[in-house]
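New notebook page, new structure. I'll jot down what I look up as I go.

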Amino acid sequence: MQIYVCVKHVPDTAANIKIVGETGYNDSACKFIANPYDEYAIEAAVQLVEKQGGEAVAVTVGPESAVGTLRSAMAMGAARGILIKTEEQFLDTDLTARALKAAIEADGKQADLILTGKGSVDTEGFQTMYRLAGAMGLPVVNEIVKLEVGGGKATVEREIGAGSREVLEANLPCVLGATKGLNEPRYPKFPDIMKAKKKPVDQKALSDLGIDPSGAKTKLLKLEAVPERSGAKMIEGAIPDQVSELVRILREEEKVL
Amino acid sequence: MKYYLIFKSILMLAALGTAFTMFFKKVRHLYRLMKAVEGESRFQPDRIKERIQVLFTDVLGQSNVRRKTLPGLAHTLIFYGFLAVQPHSLELMVKGVFPSFEIAHAAPFLWGAYLVIADILAPLVLVGFAYALFRRTVMKPDYLTIGRDAMLIILFTCVIIITFSLINAFQVVLDTEYNYAAVFPVSALLARWFDLGALTQTQARIGFELFYYIHIGTILGFLIYIPGSKHLHLLAAVPNVFFKPLEREKAMIKTDIEDEAAETFGLGKVSELNWKNVLNLYACTECGRCEEQCPASNTEKPLSPKNVIHDFKVDLLEQAEPILAGNTEAVQPIMREGSPVTDDVIWSCTSCRACEDICPVNIEQLDFILETRKHQVLMEAAFPPELQETFTNLENQANPWGFGNDTRADWTRGLDVPLISDHPEAEVLWYVGCAGSFDDRGKKISRALARVLQRAGVDFAILGPEEACNGDMARRCGNEYLAQMLIQQNVEVLGQYSPKKILTGCPHCFNIIKNEYPQFGASYPVSHYTEFLFDLHKQGRLVPTGKNFGKLTYHDSCYLGRWNGIYEAPRNLVASMNYPGRYVEMKRHGAKGFCCGAGGGRMFMEETIGKRINTDRAEEAAAAGVNAVVAACPFCATMLSDGLMETEAAVEVKDIAEIIDEATA
C-alpha cells in the first residue's frame, strides 16, 4: 500500500507564544511538535504497512524547521518525508490542500490512502482533509476511530455522539482524518529515532509545485492573546443578597446582561 | 597395614584427583563465563591499598554481615570455624596419599597452636548452624530463601565439622609420638566423654579411618557442589568485596548513545552483562537482607532484589553455552516469555538503594534493574504506558507535567528572586528543579526556601526558563536518550554562567548534578539546601526565634541519605529549629529509612500492585505520634501528604525549608 500521511508542524499547546504587532508573533522560545492528531494518522499508516506491506510517506507543508516533525513521523515508522517549504507558519487551508495534492501527485506513485489528523491544534481550521479530498476528487471521512483496509475499500467507524458510532465504507484511494481512539501512537524506539535521522526528506518550494502563495483565499487580520484567567470571586452573604450581587456584577462589571 | 596404606594412598589420590579436577573445571567454566560476557565495565581496580584494608574489615572483620546482630554472629562463628578446619583437613588429605607427611615436623609449635585454635573453633560452627537452622525452621522470615540448597549446605558443613572433631577425638587416643591430647582440648574432652580411651588401638584406628573417609568424602562432595550452588558465595564473595565501590555516591552508567556501531543499548541479554555484574551474581548467597529492606518487596510487589540477582544468575548459567561459544546471537533476551524478570518486577523499583546499602557483599542490584529498564525503553519502547505522556512532556517542555517551560520562574511572583541572566555574578545558583517550580506543594517549599535564603543574606539567583529538568526521572526510567538531551541542555546553560556554587532544593537534582553531570563535563560544587542551611545556621545567620513545632520526626530522602550519605544535617536542622519541641525517630530511619515510593520515576507511574508504599510510610509516621513529619524533598512531601490523607492521624507534612522559614520568621 502506498500511504501518504499529512502531518503538521505545530507549537506545543503548553507553549507561550508572544504576539508581536497585529499579526506577528515570536515563537523563538516555543517548542514545535508533530500535531498530536496527526500522530494517530502516522500510527495507523505504519500499522497498515507493517501488516500489508508498502510504504508510508509523511508529507508536511511548513517552514524549514518542520523537518523536525517529519523526523518524528519517520522515527515512528514512515519511510521518508516530503517537505513543502513555506515562509510562514500560517498558510491558508486551500493553499495547504493544493500543495499537499501537488506534492503527492509529484511523488509519482499512485496513492492508495491519504491519512491526516482530524485537525491541527494551532489554527484549528479542520478543513485540510476535506479540501484535499475535494481537490483530488476522493471520498473523505474525518474523525475516524476505527480503520480496516482490504479489498480495495476502507471500512471506518466514527463517533456520532451519545456513544453511537457510524460505520462507513469508502473506496480506495480516499482521505481519512484520524482522531483519539483510533490507536495509541507508539513511542519510538531509540534505534528508530537514529535511523529516522538518515531517512530521505524531499524538500520542495511552493513554486516548485506551481503554487502561488499570493493566491490565498483567506487572510490573517489579527492575532490576539488569550486573556489571562482571573481568579474566582466568592460571593458571600444570604442567598437573596448573593443573587442580587451576582446580577449586579454581571450587569455593571462584566456588562454581559 | 602396609597394604591398607597403599590402598588408601591410591584411593585418596583418585578421589582427590577426581574431586579437585571437577571443582577446577566448574570454577574454570564460571571464570570463563565471567570473561566471556560482552558488557563493558568502567570499573577500574584502583586504590589497591584501601581494597586490601577492606578485606580486613569486611571479610576478616565480618563488619557488613554483623550489621544484623545474631545472624551476623552466627555467620562469624561459621566463617572462622570453617576457615580454621581447612588447613588440618588439607593436611589429612595429603596424609591420605603420603602417610609420612606431617606438617608438624616443620614447625611443631606453630602447627600445634593452630590445631588448638581449630579444635576450639570447629564446634562453634555448629552453634552458628544451630541458629541458622532455627531461623530456617522456626523463625522463617519471608526474605530468607529456605530450600534444598540451603539445607544441603548446612548438612554438608555440619558433617564436615562433626567428623573433624571426631577424627581429632580418635586421634587423641591413638598411640603416636605426638601428644595430640595437648592440641585438641575440645576433642580430648569428646574422647573422654565417649570413653574412647577404652577402645583397643585397632578399634580406635577403625573409628579414625571411618570418620576420616566421611570427613574427606563430604569435603570433596561439597567442593564439587559449591560452584553450582548459591554457596558459590564462598569463592566469589571475597573478590566481589575486594572490587566493591569504595564510594557511597554512584552514577548511573552513561550509555554512549551516539555510538553508531552499537547494536543494542542497556541490558537486554545476559551476554551483555559485564564481568563485575557476573561477579555480583556469583557472590550472592540469597541471605535476603535486600528483600527485607526493599520497599517494593515490603508492599507485596513482585520485585525482590534478591530474586532479581538469583534470576539473572540462573539465566546466565542456563545460557552459558552460546555465550562461551561467542554465539551471542543465540542468547535469548532476559525478559522473554516466561522469564521471572517481568515488567512488574523491573518497574516496581524506586531506586531507593536500600538493597545495595544493606548487601553484606556489596552487590549492586540497581545496575541490573536500571540497565534492563534502559534496554526496554530504548530498544523495545516497552514501559508503563502512563510514562509516555511524562516522556513527551519532558521532551517538549522540559518538565514532567508539561507546563510551559517559560513559566518556570512564575512561582517567584512577589518575591524578589533574580534570574541568573540578570544577576550572573550571584554567589549561589539555585537550581530550583521541576517540582519546586511547577508543583503546587513544591512551589510553597520553594517560596519558603527563597525567604530563608533572603533572610540569611545569601546572594543567589535562579535559572528560570533556562532551566530544564535535571534528567533524573528520565534516566532512572531507562530513557537515556531523553535524559542525555535534558542533561546536555542544562550542561550548556550552566557552562554559560559557570556558577561558583549550585544549590538545589530537591535531592534528585542534587544527586544527578553532583554525581552524574561530571560524566558530561560539568563539575560544579553543589549542595543540597539542608547542608547549606545547616552551615548558615552554624554561622549564626539563621537564628530560630524559639517556635515550638511540638514533636517532629524526619523522613530520610533516599537520594540524600543512601545515595549521598546526608543523614545528620537535616536532623540537626530540624532539632535546632524546633528548640523547645521534641525530635523522635521513626523505626525505619537513616540508612534503613523507608522510601516514600516516588523515586526511580515511580512518582509518575501508577501503583496498582499491593499496598501503596507511601501509605506504608505514612502509617509509620502516624504511629510515631508526631505533630509533623519533616521531609527534605518535594516528592517525599507529596507522597507523605497523600499517604497521610488516608490515615485518621492529624500529622502535618512539612519541608525543612518551611520549618526554618517559620522558625526564623
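**Where the chains meet**

I started with the contact between the two chains, keeping in mind that this is a predicted model. I found 14 residues of chain A in contact with 16 residues of chain B. On the chain A side, helix H5 (residues 190–196) gives the most, with 3 residues. I also looked at the make-up of that side of chain A: 9 nonpolar residues, 1 polar and 4 charged.

**Chain B overall**

Next I turned to chain B. I noted 27 helices and 8 strands there. Its C-alpha atoms fill a box of roughly 100 × 60 × 45 Å along the principal axes. Of the 665 residues in chain B, 48% are buried. Then I checked contacts in chain B with a separation of 6 or more, and 80% of them join residues 24 or more positions apart.

**Two helices crossing**

I picked out helix H1 (residues 2–36) and helix H10 (residues 275–283) of chain B, whose axes come within 8 Å and cross at roughly 145°. The crossing of H1(B) and H10(B) is right-handed. Which residues meet there? From H1(B) I listed B:Leu30, B:Leu33, B:Met34 and B:Lys35, and from H10(B) B:Trp275, B:Val278, B:Leu279 and B:Tyr282. I sorted the residues of this contact into 7 nonpolar, no polar and 1 charged.

**A look at H2**

Last, I went to helix H2 (residues 48–60) of chain B, which has 13 residues. From first C-alpha to last, H2(B) reaches 17 Å, close to the 18 Å expected at 1.5 Å a residue. Just after H2(B), I noted that B:Gln62 takes a positive phi of about 55°.

Technical notes:
Residues are numbered from 1 along each chain as its sequence is written. Chains are lettered from A and ligands numbered from 1 in the order in which they are written. This is a predicted model: local features need pLDDT of at least 70, side-chain atom pairs count only at pLDDT 80 or more; totals for chains, interfaces and linings use all residues. Two residues are in contact if their C-beta atoms, placed from the backbone, lie within 7 Å. Helices (H or I, at least four residues) and strands (E, at least two) are DSSP runs, numbered from the N terminus. Ala, Val, Leu, Ile, Met, Phe, Trp, Tyr, Cys and Pro count as nonpolar, Asp, Glu, Lys and Arg as charged, and the others, Gly among them, as polar. The expected span of a helix is 1.5 Å times one less than its number of residues. A residue is buried if 20 or more other C-beta atoms lie within 10 Å of its own, exposed if 12 or fewer, and partly exposed in between; C-beta atoms are placed from the backbone. Axes are lines fitted to C-alpha atoms, for helices over the stretch in contact, and angles run from 0 to 180 degrees between N-to-C directions. A crossing is left-handed if the near helix is turned anticlockwise from the far one by less than a right angle, and right-handed if clockwise.
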